[in-house]
Amino acid sequence: MYCEIATNELSNRGIIEPVEAIGNYRRLAQIGSYPLYRSLYSYDEEILEHFKIRKTVAHYRGKYYAEHILLDVDFKATFEETRVAVLNLVEQAEKLGIPKSIQQIWFSGTGFHIVFQMYSTSNLPTIFLPW
């Protein structure tokens with residue numbers, strides 16, 4: 001699996017590396033005290049040919065992968081109001097076609113984390129657009 005990274009600035013995108021190499025980039029960023037950004041999506045080896053031709057991941061038509069999406073919902077006014085808001089969010093996600101079987105709700109201390117376990121598909125970016 002491969003992903004896109006950016007070093008120092010988000011405009012320094014366009015580095016496609018195996019996911020396993022991210023740890024090396026993270027160590028270098030820590031030593032150099034600069035930010036490191038990683039794309040949400042991962043790609044199979046088809047991204048290499050696309051990137052070689054286009055020099056960007058834009059308009060890639062192959063499969064996208066995402067391990068999970070995490071939403072962090074902090075307390076609104078009270079615990080109960082936040083709990084109800086989270087349950088409503090989960091219900092809306094199900095109406096958008098995200099089954100409860102891939103949803104997990106965790107208490108975070110200051111609210112909740114909603115984790116959506118993801119999968120691969122060629123239209124993954126468009127699934128997230130309604131959100």
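Reply: The account below begins with the fold as a whole and then turns to the aromatic rings.

This is a predicted model, in which local features need pLDDT of at least 70 and side-chain atom pairs count only at pLDDT 80 or more, while totals for chains, interfaces and linings use all residues. Residues are numbered from 1 along each chain as its sequence is written, and side-chain values use heavy atoms, with hydrogens and water left out.

The protein contains four helices and nine strands, where helices (H or I, at least four residues) and strands (E, at least two) are DSSP runs numbered from the N terminus. Along the sequence, their order is β-β-α-β-β-α-β-β-α-β-β-β-α. The radius of gyration is 18 Å, whereas a compact globule of 131 residues would have one near 14 Å; the value is taken over C-alpha atoms, and the globule rule is 2.2 Å times the number of residues to the power 0.38. Taken along the principal axes, the box filled by the C-alpha atoms is roughly 50 × 35 × 25 Å. Of the contacts with a separation of 6 or more, 54% join residues 24 or more positions apart, a contact being heavy atoms within 4.5 Å. Of the 131 residues, 31% count as buried; buried means under 20% relative accessible area, exposed over 50%, and partly exposed in between (1.4 Å probe, protein chains only).

Turning to the rings, there are nine aromatic pairs. Rings of Phe, Tyr and Trp (its six-membered ring) pair if their centres lie within 6.5 Å, and planes under 30 degrees apart count as stacked, over 60 as edge-to-face and the rest as tilted. One of these pairs is Tyr60 with Tyr64, an edge-to-face arrangement with 5.6 Å from centre to centre and 65° between the planes. Tyr60 and Tyr64 are both buried. Together with Tyr41 and Tyr43, Tyr60 and Tyr64 make up one aromatic cluster.

Phe79 and Phe112 form another pair, with ring centres 5.6 Å apart and planes at 45°, so this pair is tilted. Phe79 belongs to helix α3 (residues 79–95) and Phe112 to strand β8 (residues 111–117), so the pair ties together parts that are 33 residues apart in sequence. As for accessibility, Phe79 is partly exposed, at 40% relative accessibility, whereas Phe112 is buried, with a relative accessible area of 7%.
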